[in-house]
Amino acid sequence: MANLVNYSGGNLDDSNCEIEDEDTATPANLNSISSYAIDLPVGTLVRRLQKNQIFVPEFQKKFVWTKNTASRFIESLLIGLPVPCIFLVKEPNSERKLIIDGQQRLMSLVCFYEEKFNGRKFSLSGISSDWKGKSYNSLNEDDQLRLDNSWIRTTIFQQDSPKNNMDSVYELFERLNTGGVKLSPQEIRSCIYHGKFNNFIHGLNSDPTWRKLCGPKSKRLRDIEMILRFFAFFEEEEHYAPPMKHFLNLYMEKNRGCPDEKLAELENIFINTMGFIESTLGPDAFRPEKAFNAAVFDSVATSIAKGLKGKEPLTKDATIKANKSLLKDDTFKQGYITSTASLENVKRRFGAAKKAFGVT
């Protein structure tokens with residue numbers, strides 16, 4: 001299935017993109033995960049959230065519940081009704097827990113205990129019980145104690161092996177996140193592999209030349225994924241193995257704590273390459289048929305990046321000629337039109353692109 005990102009003045013979103021059907025999970029991805037369930041009191045959960053011992057990564061989806069929805073959840077706890085389980089995952093080499101599922105519920109509790117909701121005082125609303133209009137501190141002592149001691153079933157996961165790889169956690173996150181809108185692959189990566197490298201590629205996404213090439217920013221982080229894809233193939237193309245999402249996961253994990261010197265080098269490569277491509281091939285460089293094509297992007301952009309670093313750097317005239325020839329190459333077309341994440345087609349398009357741009 002073609003990996004096309006439609007562009008017609010809209011966003012590079014999953015709703016406008018054919019998903020690679022090779023990117024399926026296998027049971028082996030989850031075999032290294034262990035878990036246990038524990039009933040944690042609400043008061044304990046709130047304290048751990050306030051101390052950042054349980055946390056939401058910076059690029060996790062934002063808190064979106066309304067005050068009425070949050071109020072009804074808290075009322076359910078006060079009444080003693082059972083509430084859905086939350087899922088956490090233990091960070092490697094740390095006791096901190098990342099929220100996989102349950103962010104809206106947990107953030108509602110923090111808002112209520114701190115009596116703040118979107119910058120205003122939080123008192124319960126949208127309910128008809130005697131607790132309507134109550135803030136945490138205006139609850140009577142028995143009700144405060146009832147809420148503090150209410151428990152929420154909490155399942156905690158951890159990846160047992162390999163210790164330096166969270167690819168299995170990605171699969172877990174993908175399967176267990178039950179939000180109203182399914183998270184995109186890069187939204188999940190931005191949660192799991194949060195840190196210096198993730199911040200770096202998010203920063204690069206605002207580069208004006210890159211914006212000319214890929215269009216308006218994507219709400220689902222598809223443009224961030226393209227930047228990740230550029231670096232992953234630039235450095236690890238020879239070691240590619242499907243599925244694509246795991247290839248990108250492993251690269252992001254490997255570079256999660258990337259040194260500043262390397263980040264500066266990668267930034268120069270990306271900025272210089274995109275600038276050269278935009279000035280040479282124009283803003284439609286990665287749109288062979290009116291759509292931004294991720295497979296054309298990864299092979300052409302990384303081959304040009306390597307060509308610019310070669311002993312005989314690419315010239316504009318040679319690049320234009322090579323690109324025109326490449327887009328007519330049947331081998332290259334086969335590599336970017338169907339099954340774009342298969343090893344065979346990745347080799348096809350990268351082999352053709354490297355040959356066209358004189359990359360050895």
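Two strands pair if DSSP finds at least two bridges between them. Helices (H or I, at least four residues) and strands (E, at least two) are DSSP runs, numbered from the N terminus. The model on display is predicted: local features need pLDDT of at least 70, side-chain atom pairs count only at pLDDT 80 or more, and totals for chains, interfaces and linings use all residues. Residues are numbered from 1 along each chain as its sequence is written, and side-chain values use heavy atoms, with hydrogens and water left out.

**The whole chain**

Contact means heavy atoms within 4.5 Å. Among contacts in the chain between residues at least 6 apart in sequence, 73% join residues at least 24 apart.

Select strand E8, residues 151–159, together with strand E2, residues 33–41; the two pair in the antiparallel sense over 9 bridges. Proline 41 is placed opposite tryptophan 151 of E8.

Phenylalanine 87 has threonine 155 in E8 as its bridge partner, and leucine 88 is set opposite isoleucine 156 in E8. E4 is mostly covered, with 4 of its 5 residues buried.

Now bring in strand E5, residues 97–101, which is antiparallel to E4 and linked to it by 4 bridges. Valine 89 has leucine 98 in E5 as its bridge partner. Which residue in the turn of the E4 and E5 hairpin has a positive phi? Asparagine 93 does, at about 60°, and 6 residues lie between the two strands.

**Helix H1**

Select helix H1, residues 42–50, whose buried residues are Val42, Gly43, Thr44, Leu45, Val46 and Leu49. Just after H1, asparagine 52 adopts a positive phi of about 65°.

**The loop between E7 and H4**

Move to the loop between strand E7 (120–121) and helix H4 (141–149), where serine 123 is located. Not counting residues up to four places away in sequence, serine 123 touches Lys67, Ser71, Gly133, Lys134 and Ser135. Serine 123 and lysine 67 are separated by 56 residues in sequence, yet their C-alpha atoms are 8.6 Å apart in space.

Serine 135 also belongs to the loop between E7 and H4. Is serine 135 buried or exposed? Serine 135 has a relative accessible area of 5% and is therefore buried. With neighbours within four places in sequence left aside, serine 135 is in contact with Phe112, Glu115, Lys121, Phe122 and Ser123.

Finish with a pair of helices. Two packed helices are described by the angle between their axes and the distance between the axes. Axes are lines fitted to C-alpha atoms, for helices over the stretch in contact, and angles run from 0 to 180 degrees between N-to-C directions.

Select H6 (residues 185–192) and H9 (residues 222–236): their axes come within 8 Å and cross at roughly 70°. H6 is therefore roughly perpendicular to H9, where angles under 35 degrees count as roughly parallel, over 145 as roughly antiparallel, 65 to 115 as roughly perpendicular and the rest as oblique. To view the contact, display Pro185, Gln186 and Arg189 in H6, which meet Ile224, Glu225 and Leu228 in H9.

Key
Buried means under 20% relative accessible area, exposed over 50%, partly exposed in between (1.4 Å probe, protein chains only).
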